[in-house]
Structures are given as C-alpha cells and as structure tokens.
Amino acid sequence: MSKTSEEHSLLVLKNYIGGKSVSCRSYIDSYDPSTGEVYCKVPDSGKEEVDAAVAAAKEAFPEWSARSPEQRAKILHKLADLIEANLEEFAQAESKDQGKTITAARTVDIPRAAYNFRFFSTSMLHHTTDCSPMDHMGCLNYTVRCPVGVAGLISPWNLPLYLLTWKIAPAIAAGNTVVAKPSEMTSVTAWMLCKLIQQAGVPPGVINIVFGSGPRAGDALVSHPEVPLISFTGSTATAQRITERSAPYCKKLSLELGGKNPAIIFADADLDQCIETTVRSSFLNQGEICLCTSRIYVERSIYSEFLERFVAAAKKWKTGVPSDPSSKNGALISKEHLEKVRSYIALAKSEGGIIHCGEGLDQLDLPERNKSGYFMPTTVITGISDSSRVMQEEIFGPVTCISPFDTEDEAVARGNGVRYGLSATVWSKDVGKVHRVAQRLQAGLVWTNCWLVRDLNLPFGGMKNSGVGREGGKDSYHFFTEVKSITIKH
Ligand code: NAD
C-alpha cells in the first residue's frame, strides 16, 4: 500500500532490541498535545517484541553483571555527558511530545535525566554490606548483593525521560540488564536516547526499549517468566493489574503511584513564600506531577487573606503555547485526559463548589493553530466537602481545592483522610509544630516550608495506595539487587 504524503512526514519510531533498531508490524498514533494533531507513530509492540527484548537482555546479562562497578560507571557517565551535549534537542522534543513548556523541559526534565545517570554511576560505588562475626562458632557471616537479572521498567507520560532514566540508571549501574517500556503517549525522547546508548558504548542487549501500549507491551513484560523484577511508575489502577499479573512468578515489585497531596498552612506561615511555592506545587507541569498539591488546608484566621492572594497569584500563572518562554503551563497530555480533568470541575459545580478562577471563567489567548490543543487554565475551587470525589481522587491537572481548618488535630486528620499517601507540605515557623505534624502525616515525603527539594540519596515513594517500596540512592541499590547471607566456618 502506498503511503500518503502526510504519513511520509510523520516521525516513525523503532524499537531498540539487542543494540539494533527494529521495525514493528503496527503502530499507534501519537499526538502533539499543543495542536491536537498526530505527528508520530509509535510501535504497537506485543509479546513477540517483548520476548525478543527479554532474550537479548538475558544474553547480555552475564558479561555486563561481571564487569566492575567502575567499568559500568564510566558508561553511565558517558550517557550523562551525551544527554547534556544534546540537551536542547531533547528539551524541544520532550516539550512537543508531552505538551509541557520548553522551560520545564530545559530546566527540569532533561537536566534531571542526565543527572540520574551521573548520580547512580557514582552512588553505586559507595555501598557497603554487612559482616557479623560468630567467633564462638568459628564462623564469619557476611552479605553480598547481586544483580537480579532482567529488569522490566515501565514509566508514565508526565515526566517521560526523567522517570525512565530514574529506573534505567540504577538498574544497569547495579549490573542488571533491562527491558524498558515508556508510555505510548510520550515515547520520542526514549527513542532518541537509543542513539546515545549506542554512542556511549553500552553493550548490545544491556538496555532494550520496547514501545507500545500498557495492555499489550506492558502486560507481556509484566507477565514474562524471565523478568524477575518490575519497577513501575504510574497509576494505582494499573499497579493493581501489574500486581495480579506478576503474582504467579513472585516478582520483586517497586510501585510508584498516584497522590492526592495536602498542603497544611498554619497562621504563622511566611505567606509570601508559602503562596508562591503552593501555586507552583499546585500547577507546575500542568499539575501533572504525582507530587503536586491538590488539597490546601488553611488555618481559619488567615483563610480569607490566603484565598484572595492565592487566586490572584494563580491567575498570573500563564497557560500558553509550550514553546513560548513566558508560558508557565503548556497543554495537558491528551484530549481524554483534558475531558477527565474538566469533568471534576463540572462535578465540583454540581456539588455547590465555587470556582474562583480558571475553567469556565478565564479565556486562554492561543494562536489559531493551537486552538485544538489540550489547554486548560489554572483552576481554584473552594466549598467542597472532604468526602467529594473532587477531594478524594487524583485529578492530575491544573486544579487545586482550598478549605479552612481550626485545629492541628483536624488538619492532620483531614490531610490523612484519603486513600493516597505520597507527599505533603506543612507551612509554619513553629519548629515544634512542623516536626509534630510531619511525624503524624501519612505520606512518604513531607516538605516543610518548601516543596520538591530532592536529595536523590533519600528514599522516594508512597504509603497506602501511593505505592510499595522506595527508590533513591541506597533504596534503588537494594531494590535492583538481591542480598545473600554467606557463612564461612574457619
Ligand atoms: P498509567 O498507569 O496509565 O500508565 C503508566 C505506564 O503503565 C504506561 O507506560 C502504560 O503504558 C503502562 N501500562 C498501562 N496498563 C498496563 C498494564 N496492564 N500492564 C503493564 N503496563 C501497563 O499511568 P499514566 O496515566 O501514564 O501516568 C499518570 C499516573 O502516574 C498518575 O497516577 C501519577 O500520579 C502517577 N505517577 C506517579 C509517580 C510516582 O513517582 N509516585 C510519578 C509520576 C506519575
């Protein structure tokens, strides 16, 4: 069948298996979120492609795992250098593919992708293991950590290269080989990475990237008997499915899932700093970050002032074309997602909530070619009960809800009153209160008087329905290795 001229101009991605680019029989359309147009074809891989990738990873494992950590680190460093050298090209591609602003891609996503390789290449060199003598038995006990084998890595669409490399880097630094499946909605920068993988001298089969949908490629990876470990970042619903599918094989799982993160703001908070940061924590990356604030509890004595100033600041958070450096937010990932986020605004209205700015109130000033893009203005809601789906479910868009509270106990109870437990922020100058509240909040990460300050050495992950396991310096090392206890009798 001959191709139309439109098909000729589309970007067509290929899988990367055993060090080679491999075509696929069928493809999935991928959209430019800022225009709503199809601009890329992503391989619609299934069992066959995943089997080939796992076989390549298995074959590469003995040699790669036998290398010294220093030899592996050198290659990770090279990859970091290459990403940095191509930063602008990657940032442009990430912004176009995901809808995020060029500024976010340039200053957050791509630098962090390079840093992930840099960080794990060095951190992996500094771990030690335990030794426990039993002189009375004439024995010495010690532990060693071994790579697990072929790691299956599945990542979402909100921080595409950032989260994919957060998994690939520790997995290969620890001596595993990997089969990675990025989100079918944002596969372009992972595909671009394949070229750098080759240039950096990563041996064929050590990193394999298979593109495709969750139910086909993702499921084939999760249920593959020779993939003993899965690191997944995505929604809680998908994690439940992955847990079921991998259960027959007793796989090691790390699940980084959704959030419904509270900010608790006491009357003595530094309001200038707090408002600026909480607007950012609510809306950064279109609110499409698992760590974004979506429920803001404010002590009643400052509630009115906070609300007025917060809404004024939210209105200044400009939503516009991703390539415009003055845009703070770009487009949401897809038409379906935009509709889902909008449905929560409709629900809030139907329940008597007040919309202070954003959806339905503020018009966006977009060029003609972006009129069909998936844009939505930053939206602030009040007057919603804690039991509402708007306050319970992850919306994952530029929407935040504000509500007053009277006591510390009430704030903690309401902050904890959801099924998620990923992150929380606490704002107060009272150091005792800050420690107390941080201790009581059910969240894997608590930031006080700041947000999104990350030391990659520290554990990252969620409580309750926000996940299982932790990743980060030592935690990723533990996850991507198996510990063995050895007893020597002398
Ligand atoms: P998603 O669960 O729909 O998809 C995530 C990945 O899983 C994609 O690659 C997808 O193709 C794949 N997938 C889907 N169904 C699958 C299946 N049956 N088997 C195997 N793989 C499958 O999530 P999303 O919509 O891409 O991402 C948004 C979600 O990710 C939000 O809930 C957000 O909070 C969460 N998230 C969490 C973190 C964290 O670190 N905790 C970070 C970013 C995003």
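What covers the buried residues of α10? In this predicted model, the cover includes the strands β13 (261-265), β14 (293-299), β16 (379-382), β17 (399-405) and β19 (423-427), along with one helix, α11 (300-316). As for α10 itself, the helix runs over residues 271-283, so 13 residues in total, and its first and last C-alpha atoms are 18 Å apart, close to the 18 Å expected at 1.5 Å a residue. The buried set in α10 takes in Leu271, Cys274, Ile275, Thr277, Thr278, Val279, Ser281, Ser282 and Phe283.

Both ends of this helix have a detail to look at. At the start of α10, Asp270 puts a side-chain oxygen within 3.2 Å of the backbone nitrogen of Asp272. Just past the other end, Asn285 adopts a positive phi of about 60 degrees.

Turning to the packing, the largest nonpolar core gathers 92 residues, and Ile207, Ile209, Ile265 and Phe306 are the ones with the most contacts inside it. Helix α6 (residues 160-173) supplies the largest share of this core, with 10 residues. Apart from that core sits another one, of 29 residues, with Tyr374, Cys401, Phe405 and Ala443 among them. As for Ile209, once neighbours within four places in sequence are set aside, this residue touches Asn15, Tyr16, Leu164, Ala180, Pro182, Ala190, Cys194 and Ile197.

Three strands form an open sheet in the order β1-β5-β4, and the pairing is mixed. The edges are taken by β1 (11-12) and β4 (27-32), each of which has a single partner strand, so one side of each is left without a neighbour in the sheet. Between β4 and β5 (residues 37-43) the pairing is antiparallel and runs over six bridges. Within that pair of strands, Asp29 stands opposite Lys41 of β5.

For Thr238, a polar side-chain atom lies 2.7 Å from an oxygen atom of the ligand.

Terms used: Residues numbered from 1 in each chain as written. Predicted model: local features only at pLDDT ≥ 70, side-chain atom pairs only at ≥ 80, totals over all residues. Heavy atoms only, no water. Core = buried A, V, L, I, M, F, W, Y, C linked by side-chain atoms within 4.5 Å. Buried < 20%, exposed > 50% of the residue type's maximum accessible area, 1.4 Å probe, protein only. Helix = DSSP H or I, 4+ residues; strand = E, 2+ residues; numbered from the N terminus. Contact = heavy atoms within 4.5 Å. Polar contact = N/O pair within 3.5 Å; in protein donor to acceptor, adjacent residues only side chain to side chain. Pairing = 2+ DSSP bridges.
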